[in-house]
Protein chains: 2
Amino acid sequence: MSEKITIYDIAKRLNITAATVSRALNKSPKIKKSTRELVQETADLMGYKPNKLALALKSGRSNNIGVIVPRVDSNFFASVIRGIEEELYPHGYQVIICQTHEDPKRENENLYALIDAQVDGILMSVTAVNNENDGAFLNVLKKNVPLIFFDRSKLIDGVSSVTINDFKGGYIVTKQLINQGCKYIAHLSGDQSLEIFKNRFLGYRQALVDNGIPYNEKYVIQCKSSVEAGKNAITILLELETPPDAIFSSSDFAALGAIQELKERNINIPQEFCVAGFSNEPFTKFMELSITSVDQSPLEMGRMSARVFLEQVGKTDTIKIEKKVVLAPELHIRKSSTRTAF
Amino acid sequence: MSEKITIYDIAKRLNITAATVSRALNKSPKIKKSTRELVQETADLMGYKPNKLALALKSGRSNNIGVIVPRVDSNFFASVIRGIEEELYPHGYQVIICQTHEDPKRENENLYALIDAQVDGILMSVTAVNNENDGAFLNVLKKNVPLIFFDRSKLIDGVSSVTINDFKGGYIVTKQLINQGCKYIAHLSGDQSLEIFKNRFLGYRQALVDNGIPYNEKYVIQCKSSVEAGKNAITILLELETPPDAIFSSSDFAALGAIQELKERNINIPQEFCVAGFSNEPFTKFMELSITSVDQSPLEMGRMSARVFLEQVGKTDTIKIEKKVVLAPELHIRKSSTRTAF
DNA sequence: CTGTTAGCGCCTTCAT
DNA sequence: ATGAAGGCGCTAACAG
């Protein structure tokens, strides 16, 4: 019952050639209207469906694009993917998902697998920077497959990127803490080999300097993006001779951990201690003590990445377009860092 | 620089036939060891990569599987997808993502698009039941493409499914509310055309009956899965002559809305009013007033769906395997429904 | 307007 | 152990 109908089947039935059927189905201008309609009708009748694989082999374009993310079950990446899918859907592209789990080896494998699968483009957020994978990236470029980085970028010639201004994000959120009267502001950072974390840190530091607050490296702790890590970080910070009175975390989860730990120690938030996170995860808004956070507009980031891809695809191979889109971060001020009446 | 290397290129270089190269690369037993090694070496040297599209066209198997979900940016679906991807990755399958946005028309389009793309299987969560799409489902089966439903299922012959026992989920969560001494338990439900919501409701009702509590249909409100909908539902319920003293919501978001509305009315949770949700969204655990919820083990659901697919793929076309896997729901009791000391 | 031919890259009988 | 030839399904010259 599998009944794979090909253009040959319908050609045979009509006593014409497969080529004619192909042309008719593709609405070629040089085909008699009557036969075109006839072909179309019998095609529908027989339940004909074009074989995209054959088309792909013939044209060299699969109409698939690959998306590589650390993990798909994070609100941020899932939203980006949603944006990508929505933007590409009307153009007939399908989205292939790969996860690296922050493992460079997996990233490498994924890159090669997608190239093998003849995807028409790759949109990705790099995992921690390791130059071992450079070969894989260059391989992608060598095949003339458009490569676009979103959020977590990497400096490679000929590669476009869509990011947010992380420096500014770090700056404005720190500024807000300063505005609340905080004097000793700590920072929970992420893997410094990733641009995003370095830039958030730099924004934080600049905001301090610009406002006459001395930068103290003891206030900067590098930790994972987890509740547990946030708790541990607070524990360390509170043991300093001058413990901080505020914290800007590059991760909402770590910010949450910090809040939990502070509460357990009966430290009043935001009166005694202000907290702010980054990413605007859904839960930051839902909490009774809602958490100030920087939104990265993931949906827009996904859409934009897809648009950049669409611009690049099909362009002459010789010219490499390199587009750097930088979206504006948006500060969502909430209770965790608002000392005045809310 | 695109340099698409084919087996012909490497054959030419070695003055042998493409067929020999093919055999050598595929480790055919009837090939001289020396030539096999020679071929392998030069293949590596030239940077040969097999063209999966050609392979797919030849074999009829694309090594892609399609996953259709209402939306990808929900913790539940994202986790299922993660499970699917993790399980299928070692087997060389790639995952193509489609979103329906709860639109049956999109669901229909997605089904056809995936078949056109020659996927080797389709794993999906159906959107609201509409029999208009039956043609699309039957079309999938006719092509002998394994179809597996997860979470939101649909009764079709020859289709396997992986779900949780929603009836039991509704039952145990309601029982927990009863155990807390609640007498007037309301229920926020979802689209009743979906089995999952009907079953959660039936479990709820059965728990009431089994514990001598009269079922009151005025306590059942159908609403969307959103904070706003939860607020509205509470408003309606509190206007009843005997307002409820507890609520079991089929959606965590609606449960959250309910809690917010109750707080605004200064109704004490859980002392005066108990609340429980469904899905175990991350935020239910993070809240200061953590929310009792039923976990659906999405990761496991994804993995299991993938395993069921792997079992079915490649089986003789004539025999239709129909497997119904039902996972156990897991009640996470939290503050919102715990009157005794926590 | 339509038929013929060739080829995308690979595998697989059928010979040798 | 290897070469030759055909075909997966479709399109795109090149004829007529």
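Predicted model: local features only at pLDDT ≥ 70, side-chain atom pairs only at ≥ 80, totals over all residues.
1. Two strands count as paired here if DSSP finds at least two bridges between them. Strand β5 (residues 160-164) of chain B pairs with strand β11 (residues 324-327) of chain B in the parallel sense, over four bridges. Within that pairing, B:T163 stands opposite B:V326 in β11(B).

2. There's a further partner to look at: strand β4 (residues 147-150) of chain B. Three bridges join β4 to β5(B), and the two run parallel.

3. How covered is β5(B)? Mostly covered: five of its five residues are buried. B:S160, B:V162 and B:I164 point one way from the strand, while B:S161 and B:T163 point the other way. Residues on both sides are buried.

4. Now the helices. Helix α10 (residues 227-237) of chain B packs on helix α11 (residues 252-264) of chain B at an angle of about 50°, with the axes 6 Å apart. Angles under 35 degrees would count as roughly parallel and 65 to 115 as roughly perpendicular, so α10(B) and α11(B) come out oblique to each other. Their crossing is right-handed.

5. Who touches whom in that helix pair? On the α10(B) side the contact includes B:V227, B:A229, B:G230, B:A233 and B:I234. On the α11(B) side, B:F253, B:L256, B:G257, B:Q260 and B:L262 are among the residues they meet. By class, the contact of α10(B) with α11(B) has 10 nonpolar, four polar and three charged residues.

Methods
Residues numbered from 1 in each chain as written. Chains lettered and ligands numbered in written order. Buried ≥ 20, exposed ≤ 12 C-beta atoms within 10 Å, placed from the backbone. Axes fitted to C-alpha atoms, helices over the stretch in contact; angles between N-to-C directions. Parallel < 35°, antiparallel > 145°, perpendicular 65-115°, else oblique. Left-handed = near helix turned anticlockwise from the far one by under 90°. Contact = placed C-beta atoms within 7 Å. Nonpolar A, V, L, I, M, F, W, Y, C, P; charged D, E, K, R; others polar.
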